[in-house]
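Got your viewer open and ready? Here is a short tour, one selection at a time.

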Amino acid sequence: MSHSGSTLILIMAIAVLAPLFAYAVGRRLPVPLVIFEILLGILIGPDVLDWARPDALIDGLSQLGLTMLIFLAGYEIEFGKVRGDTLRRSVWAWVIALGLGLATGVLLGGGYTKGVFIGVALTSTALGTVLPVLRDAGDLHGRFGSVVMAFGAVGEFGPIIAMALLLSGRGAAESTVLLAAFAALTAAAVLWALRPRPPWFSKVIARTLHSSGQFAVRFVFLLLALMLGASTALGLDVLLGAFAAGLVTRLVLTGAAPDTGPQILEKVEAVGFGFLVPVFFVVTGVEFDLDSLLGGGGTLLLLPVFLVLFLVVRGGPIGFLAPRDLGREDRRGLVLYGSTALPLVVAITTIGVDDKEMTAGEAAALVGAAMLSVLLFPLLAMKLRARSGQGKGPGEAERPSESVSGSETW
């Protein structure tokens, strides 16, 4: 058997085992599924058992998994809830966080370039991980959930824009022009998505939904491919295209297939969370440089420092600008949810190591802190809100359904 084949078998075995572990532990404490995927990935990786080593094929599947995760996060954004004063506050909170992050990164990293990588990573929010936790706790569609969605969406989209502007290696003017061009393409796609679809479009979706044709699913992946192609052609990060594709896809399905849209989404999620997204998180564990983190020096000490900085840099401005109608425990919960990070941290640190701007140890410390944020912050947020009677406690989370929630956390 080829090396790729054996590694893929191990990855998929972990993808099956991780939900079982999450289910067993979740009876007492709802640990996010991604934690088990990453930890088991570390276990089979080169620094522990050395059973798995990624190659070009595995890395390609991992990148597709990250793309799907960002796409589904973009799809979850509900425009009717993310607007007005809440949106303005979330944007300003991220802008302030970016300023704080860049200043902190430069001081901590000892130079501008490394400081940019660290600073942008500190401003991210793992919306794709936070939303399932909110859904399982029954908080997603209330006022608190809509506020978290607004702040989380900006925390997901803002760093992607910052990556395109600050980490592309191009001049600021050229990057701005390219971003403007992509924004124009996205705006055109949104306008097209808002146009009424011809009657035959909805009929084909309904007739092929449960057949081998799967027109709607194929159409969704075509939209994703087109937006990824547009971002690549302009020299921008594919994550920008993936997020925009999620936004456009939601608009298209809401207008053309309001009744079957949830079923279509379930099928797309099955591809993403059933295969590609677990590959990304397991490979994240396999590629995690445990030796560099534990190799002595001050590298390990950076991990708690970065964990605190997620709360200070990202959470501080969120707490300051949180909508005034939220209670004290809700505001604290919003800070904790907004400070949760991981997928974009992995992407940013990977670029930093590849460009030789970050050491493997620094990247491992930053990713490790992000892993702890995913483990600790949502649990603390649920506990705080449960104490005030505004949410369910960590032990009261609902069992997963066949949706995003079941794919990300139990």
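Before the first stop, a word on "contact": here it means heavy atoms within 4.5 Å. Keep in mind, too, that you're looking at a predicted model.

Start by selecting residues 328-338, helix H15, together with residues 360-387, helix H17. The two pack at an angle of about 170°, and their axes are 8 Å apart. Since angles over 145 degrees count as roughly antiparallel, that makes H15 roughly antiparallel to H17.

Now show the side chains where they touch. On the H15 side, pick Glu329, Asp330, Arg332, Gly333, Leu336 and Tyr337. They meet a set of H17 residues that includes Phe377, Pro378, Met382 and Arg385. Which kinds of residue make up this contact of H15 with H17? Colour them and you'll find 8 nonpolar, 1 polar and 4 charged.

Next, jump to residues 261-286, which form helix H12. Its 26 residues reach 35 Å from the first C-alpha to the last, close to the expected 38 Å. Where does H12 bend? Zoom in on Phe273: the helix bends there by about 35°.

Last stop: aromatic rings. The structure holds 9 aromatic pairs, and one of them is Trp192 with Phe219. This pair is tilted, at 6.2 Å centre to centre with 40° between the planes. Trp192 sits in helix H8 (residues 172-194) and Phe219 in helix H10 (residues 215-233), so the pair ties together parts 27 residues apart in sequence.

Note on methods
Residues numbered from 1 in each chain as written. Predicted model: local features only at pLDDT ≥ 70, side-chain atom pairs only at ≥ 80, totals over all residues. Heavy atoms only, no water. Axes fitted to C-alpha atoms, helices over the stretch in contact; angles between N-to-C directions. Helix = DSSP H or I, 4+ residues; strand = E, 2+ residues; numbered from the N terminus. Parallel < 35°, antiparallel > 145°, perpendicular 65-115°, else oblique. Nonpolar A, V, L, I, M, F, W, Y, C, P; charged D, E, K, R; others polar. Expected span 1.5 Å × (residues − 1). Bend = angle between axes of the 7 residues up to and from the residue. Phe/Tyr/Trp six-rings, centres within 6.5 Å; stacked < 30°, edge-to-face > 60°.
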